[in-house]
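Have the structure open while you read.

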Amino acid sequence: MYHIVIFCGGTGSIALQKGFAELFGNKCIQFHFVINAYDNGLSTGECRKVFLGKVPGPSDLRKNQLTQYEIKYAEELKNPQSVQSRLYDFMMLRLSAVSCLAYYEKAARIISEQEYLEPSAIDWLQELLRYFFFDGDKPRDSVRGVTFDNFSLSNIFYASAAAINGFSLSKAGTQIASFLSIKDNVILISDISLFLHARTESGFVIEDEKDIICWNNPEDKIAEIFLTDISGKEYMPETGEGNEQHNVKELINHADMLIFSSGTQWSSLIPTYMHKGFREAIGQSKASKYLIMNNAEDGDMYGVSADRLCEILQRYLDLDTFTIIMNNHAPEMLNTLSGPYKAVYGNLSSCGDKKHNPFKLVLAIMEDFYGKDILQKKHYMFDLDGTLWDSSEGEAGNETGIENLSLFPGCIVSGNSYEHLKKILAEKCRQERDIAVYCDYGNTFFMRKSCDKIYRLTELFDMEEDVCQLINGQPEYNGKCRMRGRGGVLTIKPLADRESHIKKINELLSRFHGKYTAKTAGNTSIDITDSNFSKAVMAVIIAEKENMSLADILFVGNEVHSGSEAGMEESGIRALQVNDIYECNVFLKVLHKIKN
């Protein structure tokens, strides 16, 4: 399964999140969204004041978690009477009141009316509400000066949960993710309460984050930003500092793709990038890295071109290792780059639209991720087990595997037996199209619609009878061996601790002077074959049989780098490693969209 980390603010990544969901659903990619919590405007800022500056700003955490909720329950939200719709509307509530007591009483009444919630959930929400307004039995002094006008009720839940948990907004996010039944995948770059300030080119200091957002001054642009703690002392935290819930650097290190979202740069995004150790963590990651250029000017970077923005971001990120996603329909100053950057251009929105088209944006990223060479091959060969299909993946895997079998183009080249392929295709492949199948490492051929007609491609790799007698003569393997592929593959199953068995079997086979070898196959088996017999060799023979140019073929499998598919690229056939059926599903959906 692909692991994608998106660095974002509150709303700038909505197109990304919805685009990935639209293209791939919610099962085949694992996402994490890394944000900072230095926002300080409107009700967020008031929440921070109530807890004397000790609580980080909750609004970006709230916005991203509710976006994830919206995506997960998209179907349920179409029904305004569903539990999911009612909870979503409740979490989006903004209330106004003439006093703190009036707000408390109104909010408490509304919480008690959410009868679709479990009583324990209602009690918990009431507890969070009360903790915000009261210190024990007495009203908090800090809440008296708050203006409750269009005030987010959810921000109160987040702020109180953080305060109760030792002022940890990350722990609050974990609790609310559980309450919403969504993944706990919105991650704080640091879980410390800090305050954002900016300094302009003239030296003027903008004291508050909410004023940075709407600076709108091209004559005196923002030159830098900095953070201070609640005492007013300047402080720059380490990446992941204070966040006991999640290891940010580990997420970055294990990612397959890092995406830097569009959004307000100085107020929302750069505060994440400037953390100590962040540039180094990004630089050490082997993930593909993408920066999405904004569609429109924001107030904090009014008058700043794409080239100038890249110059600024170079302070925090090595853009030489990035691909920058550019929208042809953005304003001219944001749709051209003259610097030495790798950029991908596309029509990613309607002309004049400030928001990216979610589908087009994500497809542009994924097309670059795989590369046009891979997506434009004429012929495709696919492995079966662990690539198109995996019986060990349960209900979600069954659904994904069935979808893979309906989407894949080309033929199957599998190490599995004829009986296994015939059974899977009969039971799981819903499409009525005929499929060319090469099983037993590619040497046994049949067509799905005439599966009883079996053809053998070559006798070059037939096994000597002495090999079968030798292995069957070992007590631990007797009764577990089966010859298949009409004499080309000797399979031993089931076996545990296969590595030690392979070592022993290869020692036994040494008397044949390297002609035969043992290797793992599937989840429990060992296959013995001619040492020169492999999927790569058979793929070349298949290509000759079908009159395919090797340069026009892509092989997709889960053992390209090691195992039965190793050597594919050395044979002249391009190969794509997918680590499981979910990665294969993502590739197939991208391929399907590009081809159609």
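This is a predicted model: local features need pLDDT of at least 70, side-chain atom pairs count only at pLDDT 80 or more; totals for chains, interfaces and linings use all residues.

Residues are numbered from 1 along each chain as its sequence is written, and side-chain values use heavy atoms, with hydrogens and water left out.

**Pockets and cavities**

Everything here is worked out on a 1 Å grid over the protein atoms alone: a cavity is a set of points where a 1.4 Å probe fits but cannot get out, a pocket is an open set with protein on both sides within 12 Å along at least five of seven lines, and lining residues have an atom within 4 Å of a point. Points are joined across faces, edges and corners, and a volume is the space filled by probe spheres set on them.

| Space | Volume |
|---|---|
| Largest pocket | about 920 Å³ |
| Second largest pocket | about 610 Å³ |
| Largest cavity | about 100 Å³ |
| Second largest cavity | about 50 Å³ |

Take the largest pocket, at about 920 Å³. It has 37 lining residues, and the closest to its centre are Thr11, Gly12, Gly263, Thr264 and Asp298. Helices giving two or more residues to that lining include H1, H2 (42-50), H11 (265-273) and H14 (358-370), but H3 gives the most, with four. Helices and strands here are DSSP runs (H or I, at least four residues, for helices; E, at least two, for strands), numbered from the N terminus. By class, the lining has eight nonpolar, 18 polar and 11 charged residues; Ala, Val, Leu, Ile, Met, Phe, Trp, Tyr, Cys and Pro count as nonpolar, Asp, Glu, Lys and Arg as charged, and the others, Gly among them, as polar.

The second largest pocket has 28 lining residues, with Asp385, Asn416, Ala521, Gly522 and Asn523 nearest its centre. Strands E20 (481-484), E22 (516-521) and E23 (525-530) each supply at least two of the lining residues. The lining splits into three nonpolar, 15 polar and 10 charged.

Among the 13 residues lining the largest one, Asn294, Met301, Val304, Leu309 and Leu334 are the closest to its centre. Its lining comprises six nonpolar, four polar and three charged residues. Val304 turns up in the lining of the second largest cavity too, along with Glu201, Lys221, Ile222, Ala223, Trp266, Arg308 and Ile312. That lining has five nonpolar, no polar and three charged residues.

How do H1 and H3 sit against each other, parallel or perpendicular? The axes of H1 (residues 14-24) and H3 (residues 59-72) come within 11 Å and cross at roughly 25°, so the two are roughly parallel. Axes are lines fitted to C-alpha atoms, for helices over the stretch in contact, with angles from 0 to 180 degrees between N-to-C directions; under 35 degrees counts as roughly parallel, over 145 as roughly antiparallel, 65 to 115 as roughly perpendicular and the rest as oblique. Ile14, Gln17, Lys18 and Ala21 of H1 meet Asn64, Thr67, Gln68, Glu70 and Ile71 of H3, contact meaning heavy atoms within 4.5 Å.

H3 also meets H7 (residues 153-164): their axes come within 10 Å and cross at roughly 115°, so H3 and H7 are roughly perpendicular. Ser59, Leu61, Arg62 and Gln65 of H3 make this contact with Ser154, Asn155 and Tyr158 of H7.
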